[in-house]
Amino acid sequence: MFGLITTSAASSSATANTLSSRIPSALLHQRSNAIALCSQLTSIVCVQVNGNSSRSSCSAIKAMAESHTLSVPNNEPQTSASGNKQALISLSDKKDLAFLGNGLQNLGYTIVSTGGTASALESVGVSVTKVEQLTCFPEMLDGRVKTLHPTIHGGILARRDQKHHMEALNKHGIGTFDVVVVNLYPFYDKVTSTGQIEFDDGIENIDIGGPAMIRAAAKNHKDVLVVVDSQDYAALLDFLKGNQDDQQFRRKLAWKAFQHVASYDSAVSEWLWKHTVGDKFPPSLTVPLSLKSSLRYGENPHQKAAFYVDKSISEVNAGGIATAIQHHGKEMSYNNYLDADAAWNCVSEFKNPTCVIVKHTNPCGVASRDDILEAYRLAVKADPVSAFGGIVAFNIEIDEALAKEIREFRSPTDGETRMFYEIVVAPKYTKKGLEILKGKSKTLRILEAKKNEQGKLSLRQVGGGWLAQDSDDLTPQDIQFSVMSEKTPQENEFCDAKFAWLCVKHVKSNAIVIAKNNCMLGMGSGQPNRLESLRIALKKAGDEVKGAALASDAFFPFAWNDAVEEACEAGIGVIAEPGGSIRDNDAIDCCNKRGVSLLFTNVRHFRH
């Protein structure tokens with residue numbers, strides 16, 4: 001243990017003489033300059049002596065005129081083997097620190113801590129040994145160096161079952177640590193705060209000593225318990241009270257520690273890449289994921305599943321279903337997340353009040369109207385059979401009137417059956433609107449979501465790897481609809497074509513959408529050939545196809561006796577497609593012969 005000697009400026013010379021009497025003359029000769037310095041300063045002075053060697057140190061650590069304290073270690077290392085249990089605590093987030101400190105102290109632990117944490121512990125009555133009292137070295141470089149010292153890391157990393165490790169500690173007068181509790185500088189919070197942070201400020205918030213201690217303790221978890229999460233304080237104290245030797249508990253804490261540091265480093269890496277290169281596709285990519293919930297099952301009952309939230313810096317306040325607030329209903333399932341994501345992504349792209357209904361990730365009903373009640377009814381009408389049991393999404397607030405309509409609206413198929421939905425998604429709800437929706441069904445999931453920001457990185461897994469691409473953020477305002485036919489579409493036909501084009505973007509390929517008056521009339525999705533998708537869309541549109549707009553997610557490889565000609569014969573008024581086929585002229589000739597307008601977008605919208 002370290003002995004504490006109180007000194008003052010007036011007695012500093014006497015203190016030096018007293019110390020001299022305890023140190024061999026040969027060593028005093030080697031350290032005469034340091035002793036002279038000690039005699040002149042009101043300081044903390046650490047002198048370490050090992051009787052079996054000619055090793056000593058004496059260094060002025062830190063002027064402390066207000067305390068006038070001198071620390072001198074004795075020859076006995078602070079080891080658990082000798083019955084002295086030590087815990088090292090260094091926290092940026094001091095949540096529940098009093099509970100932890102008092103709990104460890106009551107269990108007989110000597111607590112070693114750093115600056116702010118030590119002060120916080122002392123303020124609640126916990127006795128603390130400061131790190132510099134062990135290291136005989138001051139905090140320096142504006143706090144960059146506090147715990148990076150052999151006395152600290154030797155005490156953490158020494159294996160208790162290795163005789164030569166313990167002999168080395170004894171030789172150097174180093175005690176062991178049994179518990180290490182550390183969390184890190186709030187780098188993530190700083191660089192994602194609403195106010196812009198300067199680059200140099202971001203650098204200074206990168207923790208160095210903290211990760212080093214965490215990794216050291218986690219590596220030596222067989223002998224050292226490492227804690228990085230305040231939620232584990234109670235479990236730690238219970239474990240210590242039981243005097244247990246549960247290696248699984250220790251391994252779990254070690255795993256959590258390494259994961260904590262890995263996530264921290266991934267944030268630093270992402271931030272630095274953004275400020276250095278900025279390209280979305282770095283040579284190495286780490287995506288930090290945090291478990292939000294365990295799911296009942298995956299796509300099918302025999303598949304286990306879970307849902308993770310992306311904690312990348314780029315996802316902070318970037319919107320999306322992952323961060324949606326669930327106000328009501330059963331827990332979300334794997335398929336619920338996929339369908340809700342599809343519905344929300346689609347409806348968020350429309351500027352006017354819009355309702356989108358999705359089934360199995362495909363929009364089966366879309367309508368935009370100034371009157372959102374009418375938009376909802378038209379979206380259901382597009383395909384009421386598919387809409388039943390689907391996900392309904394709105395891009396405006398759900399108020400009392402809309403909530404009542406959702407709750408009471410009957411299916412157009414029989415005029416009697418109330419429409420049933422798995423999920424309702426909207427950007428916000430009035431208090432009364434939310435209350436009414438909750439009354440529709442105990443199981444109805446009610447989500448409040450924020451619109452996805454543009455420019456996100458889209459990731460998708462394949463066997464053994466991941467595909468990364470820009471998100472498909474293009475809207476009709478971003479592209480040019482070029483007239484390729486002799487007939488130029490009327491203004492309302494242009495509007496219909498743009499609406500259909502925006503809808504088809506969210507339909508699985510091969511995709512065809514037929515729309516008129518800002519309302520989807522029919523769609524064909526997921527067929528291996530485009531002709532079959534067309535026929536499905538025409539069937540759903542029925543008689544309303546006359547004069548409607550048709551959008552295709554990709555070009556038509558054939559025109560005559562194929563999709564283009566069938567669409568023209570069915571009464572389609574305008575066709576919007578990317579173009580790019582070697583038979584584009586056939587499509588143009590076919591449309592000219594039938595008096596149909598043809599628009600090329602030069603943008604493909606495959607969705608696999």
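1. In this predicted model, helices H21 and H22, the latter spanning residues 584–594, pack with their axes 9 Å apart at an angle of about 15°. Because angles under 35 degrees count as roughly parallel, H21 and H22 are therefore roughly parallel to each other. The crossing in which H21 passes H22 is right-handed.

2. On the H21 side of this contact stand Val 564, Glu 565, Cys 568 and Glu 569, which meet Ala 587, Cys 590, Cys 591 and Arg 594 of H22. Sorted by class, the residues of this contact comprise five nonpolar and three charged, with no polar ones.

3. H21, which covers residues 563–570, also packs with helix H20 (residues 530–541), their axes coming within 9 Å and crossing at roughly 15°. That angle makes H20 roughly parallel to H21, and the crossing of H20 past H21 is right-handed.

4. In the contact between H20 and H21, Leu 531, Leu 534, Arg 535 and Leu 538 of H20 meet Ala 563, Glu 566, Ala 567 and Ala 570 of H21.

5. Among contacts in the chain with a separation of 6 or more, 63% are between residues 24 or more positions apart. The chain exposes about 29,700 Å², of which carbon and sulfur atoms supply 49%.

Conventions. Residues numbered from 1 in each chain as written. Predicted model: local features only at pLDDT ≥ 70, side-chain atom pairs only at ≥ 80, totals over all residues. Heavy atoms only, no water. Axes fitted to C-alpha atoms, helices over the stretch in contact; angles between N-to-C directions. Helix = DSSP H or I, 4+ residues; strand = E, 2+ residues; numbered from the N terminus. Parallel < 35°, antiparallel > 145°, perpendicular 65-115°, else oblique. Left-handed = near helix turned anticlockwise from the far one by under 90°. Contact = heavy atoms within 4.5 Å. Areas by Shrake-Rupley, 256 points an atom, 1.4 Å probe, with all protein chains shown as cover. Nonpolar A, V, L, I, M, F, W, Y, C, P; charged D, E, K, R; others polar.
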